[in-house]
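Hi,

Here is the structure I promised to pass on. Please have a look, and my notes follow below.

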Amino acid sequence: MLNFFKKKQKLEPDLKAGDDHYRAFIGPPEKYDLVSAMQFNLLTKYGLREHHRLLDIGCGSLRGGRLFIIYLLEHNYYGVEPEKWLVDDGIYHELGRGIVTLKKPQFIYTTAFDFAAFNTTFDFALAQSIFTHASSAQIHTCLKNLSHVSSDNFKFLASFIEGDENYEGDEWVYPACVRYRFEYLSDIVTQYGFVCRRLDEQHPNNHTWLLIEKKV
Ligand SMILES: C[S@@+](CC[C@H](N)C(=O)[O-])C[C@H]1O[C@@H](n2cnc3c(N)ncnc32)[C@H](O)[C@@H]1O
């Protein structure tokens with residue numbers, strides 16, 4: 001409770017990306033609403049329906065989750081996030097306990113991309129601003145683990161920042177971002193039975209969207 005009041009007392013105009021506040025930790029706080037709407041619009045444009053099961057990788061403070069959880073049928077939203085306080089604050093300030101009771105989203109708190117822990121398969125996955133911070137070893141783990149939990153018509157939307165060179169470190173970088181070449185990511189994707197293409201979609205933070213699907 002004390003933690004909550006401490007965060008609320010800090011005025012939003014003072015906050016910047018990466019600060020210790022549920023709207024700022026995950027990106028520029030002044031774009032929180034915009035990045036919510038973008039995620040929802042994008043996934044519904046690419047076919048997300050209420051009966052699909054969605055895996056939100058690095059769901060943060062439910063910037064997207066607050067819209068997806070309401071839209072999807074109960075039990076269909078699954079969030080993975082190492083920072084439990086973000087999910088707790090997202091529920092407290094944005095979603096409300098009543099919606100959680102009604103829609104029964106599930107969460108795991110881990111850095112291990114351990115999607116099998118949900119013991120189900122997914123129709124859609126989302127990684128909004130995850131490959132923008134992840135090492136290539138983490139991207140490999142993410143795709144390998146997704147290959148074990150993806151349904152036949154699986155669609156995975158992932159944003160990244162395109163660069164001339166690839167980030168070669170072993171660590172998650174945060175709040176700064178890392179870059180990858182499209183061809184490099186495309187090659188990783190194919191190693192796990194997927195194919196990918198760049199989407200011609202706008203992003204408020206100039207990321208590029210990838211659509212990753214099963215190779216047929
Ligand atoms: C830039 S934020 C994006 C949050 C959310 N996807 C959104 O766009 O609203 C990146 C998130 O990834 C989480 N994260 C860090 N390491 C992770 C890991 N190994 N697996 C999943 N998420 C991770 C961070 O805690 C943070 O919430």
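Let me start with a loop: Pro175 sits between strand E5 (150-160) and helix H7 (182-190); helices (H or I, at least four residues) and strands (E, at least two) are DSSP runs, numbered from the N terminus. A cis peptide bond, with omega of about 5°, links Tyr174 to Pro175.

A word on the basis: this is a predicted model, where local features need pLDDT of at least 70 and side-chain atom pairs count only at pLDDT 80 or more, while totals for chains, interfaces and linings use all residues. Residues are numbered from 1 along each chain as its sequence is written, and side-chain values use heavy atoms, with hydrogens and water left out.

Leu62, in the loop between strand E1 (54-57) and helix H3 (65-71), is not a glycine, yet has a positive phi of about 70°. Leu62 counts as buried because its relative accessibility is 0% (buried means under 20% relative accessible area, exposed over 50%, partly exposed in between, with a 1.4 Å probe and protein chains only). His75, in the loop between H3 and strand E2 (77-80), also is not a glycine and has a positive phi of about 70°. At 37% relative accessibility, His75 counts as partly exposed.

Enjoy exploring!

Best wishes
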